There are 2 protein chains.
Amino acid sequence: MSCEGDTAHELRETGRRFTVQRLKVAAALRHCGGHRTAEEIRDLLAAEDPHAAMPLSTVYRTLATLKEARLVAEVDAGGRAAYEWVATRPHHHLICQRCGADVGLEPALLTSLSDEIRSATGFEAHLDQHAIYGACARCSATGSTMDGGEA
Amino acid sequence: MSCEGDTAHELRETGRRFTVQRLKVAAALRHCGGHRTAEEIRDLLAAEDPHAAMPLSTVYRTLATLKEARLVAEVDAGGRAAYEWVATRPHHHLICQRCGADVGLEPALLTSLSDEIRSATGFEAHLDQHAIYGACARCSATGSTMDGGEA
DNA sequence: GTTACACTTGCGAACATTCGCAGGAGGGAG
DNA sequence: CTCCCTCCTGCGAATGTTCGCAAGTGTAAC
């Protein structure tokens, strides 16, 4: 597949260099599908090819670069930063702060939000993979003491 | 003012205890208005009353508690966590990833989003003080190399 | 007022992440 | 093809934040 060429192109497009490390991190994220922490990515790469072992700081920096190029998205995996290949498909996370459930959200809702924000303020919101916190249906029904009773 | 009583009430309401530390942190945030980092809060309290000096870890835990009780909101102040008194007024931050500008956003837009999410999924989104990242009007007009040109 | 229990605090150590520097590599100009 | 400039990498140290444990304190029940 021409994924590699694509990554290279996207990087050059944004004035960044195309390096082996960036390619490997991008490939790891793309082929693994889900969310991965920086540590997981490093271990994955080290397992695949011991010569490619790179320090965690480089993984972090590489991920930051790919994130700026909007090739990967950063999501929150229980206090730890996790990264996800963006091209997969825009989707969003509704994360319950009580039970930790991660409910998916139909992208259309945020797309229209993005449009509204643009027309109201001119701001170009990046909502490709956005996390929203709150209480899931079950937890907010259970209600317990935390009934969120404000105006 | 009955702020203190209010804080105490809100805490008890949610099954938490009312302690001096929580009161002081809450008061500091409420009276200072803007965003404060954990360190600033600790220094503020230490300056006010040397006897109230508390370790940073306690400040962090206290802030986490107040955040869970939805009395304060956590915002992102350039990589550092900052905290803000919530009762002030719900408002949102549009943060430009290029120039760092922090544009305010009319709360109504997210309120309706919150409603839509609720009716679609039953999820109770907490969007009191939400940060959205992207490119501000000026930066997305300037366009530079990063033209976001993806399919 | 007293007792008991669970929640909190204080402290230090651990954790994830970022920063600064020196050497190395990408990519365009000649 | 070679040179050069700039950006990137690797490494260790520093940063901000969280965790675990033992002692202390709030709250409710008696």
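A residue is called buried if 20 or more other C-beta atoms lie within 10 Å of its own, exposed if 12 or fewer do, and partly exposed in between, with the C-beta atoms placed from the backbone. By this rule, buried residues make up 29% of the 151 residues in chain A. The structure is a predicted model, in which local features need pLDDT of at least 70 and side-chain atom pairs count only at pLDDT 80 or more, while totals for chains, interfaces and linings use all residues. Residues are numbered from 1 along each chain as its sequence is written, and chains are lettered from A, with ligands numbered from 1, in the order in which they are written.

Chain A has six helices and seven strands. Here helices (H or I, at least four residues) and strands (E, at least two residues) are DSSP runs, numbered from the N terminus. Their order along the sequence of chain A is α-α-β-α-α-β-β-β-β-α-β-β-α. Two residues are in contact if their C-beta atoms, placed from the backbone, lie within 7 Å. Of the contacts in chain A between residues at least 6 apart in sequence, 53% join residues at least 24 apart.

One residue to look at in the backbone is A:Arg70. This residue is not a glycine, yet A:Arg70 has a positive phi of about 60°. Its place is the loop between helix H4 (56-68) and strand E2 (72-77) of chain A. A:Arg70 counts as partly exposed because it has 17 C-beta neighbours inside 10 Å. In chain B, B:Arg70 also has a positive phi of about 60° without being a glycine, and this residue sits in the loop between helix H4 (56-68) and strand E2 (72-77) of chain B. B:Arg70 has 18 C-beta neighbours inside 10 Å, so it counts as partly exposed.

Next comes the interface between the chains. In it, 29 residues of chain A are in contact with 29 residues of chain B. On the side of chain A that touches chain B, the elements giving two or more residues are strand E5 (102-105), helix H5 (107-121), strand E6 (124-125), strand E7 (131-135) and helix H6 (137-142) of chain A. H5(A) provides the largest share of this side, six residues. The residues of this side divide into 15 nonpolar, nine polar and five charged. Ala, Val, Leu, Ile, Met, Phe, Trp, Tyr, Cys and Pro count as nonpolar, Asp, Glu, Lys and Arg as charged, and the others, Gly among them, as polar.

Strands also meet across the two chains. E7(A) is joined by two bridges to strand E6 (residues 124-125) of chain B, and the two strands run antiparallel. A:Ala135 has B:Glu124 as its bridge partner in E6(B).

Conventions:
Two strands pair if DSSP finds at least two bridges between them.
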